[in-house]
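Let us walk through this model one local feature at a time. Keep the chain in view as we go.

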Amino acid sequence: MKIVLIGAPGAGKGTYAQILREKYCIPHISRVVKSYIEKGLLVPDEIVIEVVSKRLKQPDASRGFILDGFPRTLEQAKALDEIVDVDAVVHLVVSEEVAVRRLSGRRICPVCNRVYNIYYEPKPREDEKCDYDGAQLIRRPDDEPEVVRNRYRVFYETFKPIIEYYRVSNKLIEVDSNKSIKEVFPVVEEVLRRNKILRLQPCKEDVRVG
C-alpha cells in the first residue's frame, strides 16, 4: 500500500497515518525535512525530492508507506511520479468550521506536553487543567481560531493544483473527514480495500481507533 495523505489543518492526517502505521506495520513518512522547517528555511524542491527518494528506498518501505507532508508543490508531485508509482492520494476533506473547532479546542500541558481537547476526546477531567500534574492548559498561538481559518484557506490555495493533478490521473480518493475518528477510519479502510490498494493483513488487531 503506497499512499499519500493530504488534507487541511484539522483533517486528521497525522492521526489516520498513525493508526494505519500501527495496524499494518508500514512506515509513516512525515516531515522529512524537519531540520530545515524548524530553522524557518524555504526548502528547495530538489533537496526535498532527494531526501524523499532516499527514504522510500529503505527496507522498511518495501511493503508500502504512508506519505504525509509531501508533495507540497506540483513540481514535487511530478517528481514523486518519477520516483515511485503511488497507489492513491487520499484527500481527507474537512469543512472550515469543523477544522476551526477541532484545532481551536486543542490544549497543551506546558509541563508534560500532553494534548487535550475541550470539545473532543481526550478531554481534561477538570476544566482546562492537566489530569496528571494539574497545570493550567494553554492554547498554542497557531491554534487561535483566526489563525486556523487562515491556515485552512492557505492550504486550499496552495494544494488546489496538486489536488487537480491527482484527480486527472485518477489517483485521487476523497473521504469526508468531518465525523469522528471511529466513524471515518473504517471508511478509509473500506475505500482502500475496494480499490484494491489495501491488500495487507493487519499486523496488530487491537490498535486503538479514536
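Where does K196 lie? Before the reply, a caution: this is a predicted model. K196 lies in the segment after α7. Its backbone stands out, with a positive phi of about 60° although K196 is not a glycine. The residue counts as exposed, at 61% relative accessibility.

N113 is another non-glycine residue with a positive phi, here about 70°. Look for N113 in the loop between β5 (106–108) and β6. N113 counts as exposed, because its relative accessibility is 56% and the cut-off is over 50%.

Now the cysteines. A disulfide is a covalent bond between the sulfur atoms of two cysteines. How many disulfides does the count come to? The count comes to one. C25 and C203 form it, with their sulfur atoms 1.9 Å apart. The link of C25 and C203 is right-handed, with 90° about the S-S bond. It joins distant parts of the chain, 178 residues apart. C25 sits in the loop between α1 and β2 (28–30), and C203 in the segment after α7. C25 is partly exposed at 38% relative accessibility. C203 is also partly exposed, with a relative accessible area of 38%.

C109 is in no disulfide. The nearest cysteine sulfur to that of C109 belongs to C112, 3.6 Å away. C109 is buried, with a relative accessible area of 0%, whereas C112 counts as partly exposed at 27%.

Next, helix packing. Two packed helices are described by the angle between their axes and the distance between the axes. For helix α1 (residues 13–24) and helix α7 (residues 181–194), the axes come within 11 Å and cross at roughly 60°. That angle makes α1 oblique to α7. The crossing is right-handed. On the α1 side, the contact is made by T15, Y16, I19, L20, K23 and Y24. On the α7 side, I181, V184, F185, E189 and R193 take part. By class, this contact has seven nonpolar, one polar and three charged residues.

Last, the peptide bonds. A cis peptide bond joins F70 and P71, with omega about 0°. P71 has its place in the loop between β3 (65–68) and α4 (74–83). A cis peptide bond also joins E121 and P122, where omega is about 0°. P122 is found in the loop between β6 (115–117) and α6 (145–168).

Methods: Residues numbered from 1 in each chain as written. Predicted model: local features only at pLDDT ≥ 70, side-chain atom pairs only at ≥ 80, totals over all residues. Heavy atoms only, no water. Axes fitted to C-alpha atoms, helices over the stretch in contact; angles between N-to-C directions. Helix = DSSP H or I, 4+ residues; strand = E, 2+ residues; numbered from the N terminus. Parallel < 35°, antiparallel > 145°, perpendicular 65-115°, else oblique. Left-handed = near helix turned anticlockwise from the far one by under 90°. Contact = heavy atoms within 4.5 Å. Nonpolar A, V, L, I, M, F, W, Y, C, P; charged D, E, K, R; others polar. Disulfide = S-S within 2.5 Å. Buried < 20%, exposed > 50% of the residue type's maximum accessible area, 1.4 Å probe, protein only.
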